[in-house]
Amino acid sequence: DDQKSIITKIKKELNIKNDEVSPAKIANRISKLKEQGIGIEELEEQVDTRIYSNRIFRDIYKKYDETLKVNNAMDFSDILLNAKRLLEDPYALERVQNRYKYIVVDEYQDTNYLQYKLIHALAEKSHNLCVVGDDDQCIYQWRGADIRNILDFEKDFPETKVIKLEQNYRSDANILDLANSVIANNRNRKAKELWTDRNEGSKI
């Protein structure tokens, strides 16, 4: 809500009356760019600002960032982006690596590019990293989640030990059989077969 109200105010200040440029869409686009490590400078290198819509977005993005800085504030993407920038300093990185020798990440399938870079920087020294996740449950691509983070985990950490938790305690067998038959059609996934010792349950 804070993001949207700031962007609404900026639109008024810049005299942008285009209702199609909704504050929610702009906030979402800004977040996605930040989570890819794309700031104002990078954006100006990548897009043609002679195009009116690109220029409007650039101006809003720039003013949005300035407003946050003036108010000593960060949005969620800034927290990740600035943490990544901080860890690019070798002294800061070593201090943090020495403090956090064991790292656990839950819902790893929903991590985005910046979270991926942060996790790898933190675990680079100790390699004591445990992640929990299920590639079949990646539902946050719209928020920047990258399924490759979990699919490529063993490539990034070759000494990884994978433990599959395939027993399901919640659902009846009919539900799991249906789920398995649908999920099996996913192209990029780690093979697994959910099972239960519960009864078959009602037909679906």
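Trainee: What makes the pair Asp59 and Arg58 a salt bridge?
Mentor: The closest N and O atoms of Asp59 and Arg58 are 2.7 Å apart. The cut-off is 4 Å, between a side-chain nitrogen of Lys or Arg and a carboxyl oxygen of Asp or Glu. The pair therefore counts as a salt bridge. Keep in mind that this is a predicted model.

Trainee: Is Arg58 buried or exposed, and how do you know?
Mentor: Arg58 has a relative accessibility of 14%. Buried means under 20%, so Arg58 counts as buried.

Trainee: How many salt bridges does the structure hold?
Mentor: The total is 17. One of them joins Asp75 to Lys34, with the closest N and O atoms 3.1 Å apart.

Trainee: Why does the pair of Asp75 and Lys34 tie together parts of the chain?
Mentor: Look at where the partners sit. Asp75 is in the loop between α4 (52-70) and α5 (76-86), while Lys34 belongs to helix α2 (residues 23-35). The parts are 41 residues apart in sequence, so the pair ties them together. Both Asp75 and Lys34 are buried.

Trainee: What makes Asp136 and Arg189 a salt bridge?
Mentor: Their closest N and O atoms are 2.7 Å apart, and the limit is 4 Å. This pair links distant parts of the chain, 53 residues apart. Asp136 lies in the loop between β2 (129-131) and α8 (148-151), and Arg189 in the segment after α10 (173-183).

Trainee: Which residues do salt bridges that share partners join into one network?
Mentor: Asp134, Asp135, Asp136, Arg189 and Lys192.

Trainee: How do you know whether α2 and α5 are roughly parallel or antiparallel to each other?
Mentor: They pack at an angle of about 15°, with their axes 9 Å apart. Angles under 35 degrees count as roughly parallel. So α2 and α5 are roughly parallel to each other. Their crossing is left-handed.

Trainee: Which residues meet where α2 packs on α5?
Mentor: From α2 come Ser31, Lys34 and Glu35. From α5 come Phe76, Ser77, Asp78 and Leu81. By class, the contact holds 2 nonpolar, 2 polar and 3 charged residues.

Trainee: What value does phi of Asn72 take?
Mentor: Phi of Asn72 is positive too, near 55°. Asn72 lies in the loop between α4 and α5. At 75% relative accessibility, Asn72 counts as exposed.

Trainee: Is Ala173 buried or exposed?
Mentor: Ala173, in helix α10, has a relative accessible area of 16%. That is under 20%, so Ala173 is buried.

Trainee: What is Ala173 in contact with, leaving aside neighbours within four places in sequence?
Mentor: Thr196, Arg198, Asn199 and Glu200. Val104 is 69 residues away along the chain, and the two C-alpha atoms are separated by 31 Å.

How values were computed:
Residues numbered from 1 in each chain as written. Predicted model: local features only at pLDDT ≥ 70, side-chain atom pairs only at ≥ 80, totals over all residues. Heavy atoms only, no water. Helix = DSSP H or I, 4+ residues; strand = E, 2+ residues; numbered from the N terminus. Buried < 20%, exposed > 50% of the residue type's maximum accessible area, 1.4 Å probe, protein only. Axes fitted to C-alpha atoms, helices over the stretch in contact; angles between N-to-C directions. Parallel < 35°, antiparallel > 145°, perpendicular 65-115°, else oblique. Left-handed = near helix turned anticlockwise from the far one by under 90°. Contact = heavy atoms within 4.5 Å. Nonpolar A, V, L, I, M, F, W, Y, C, P; charged D, E, K, R; others polar.
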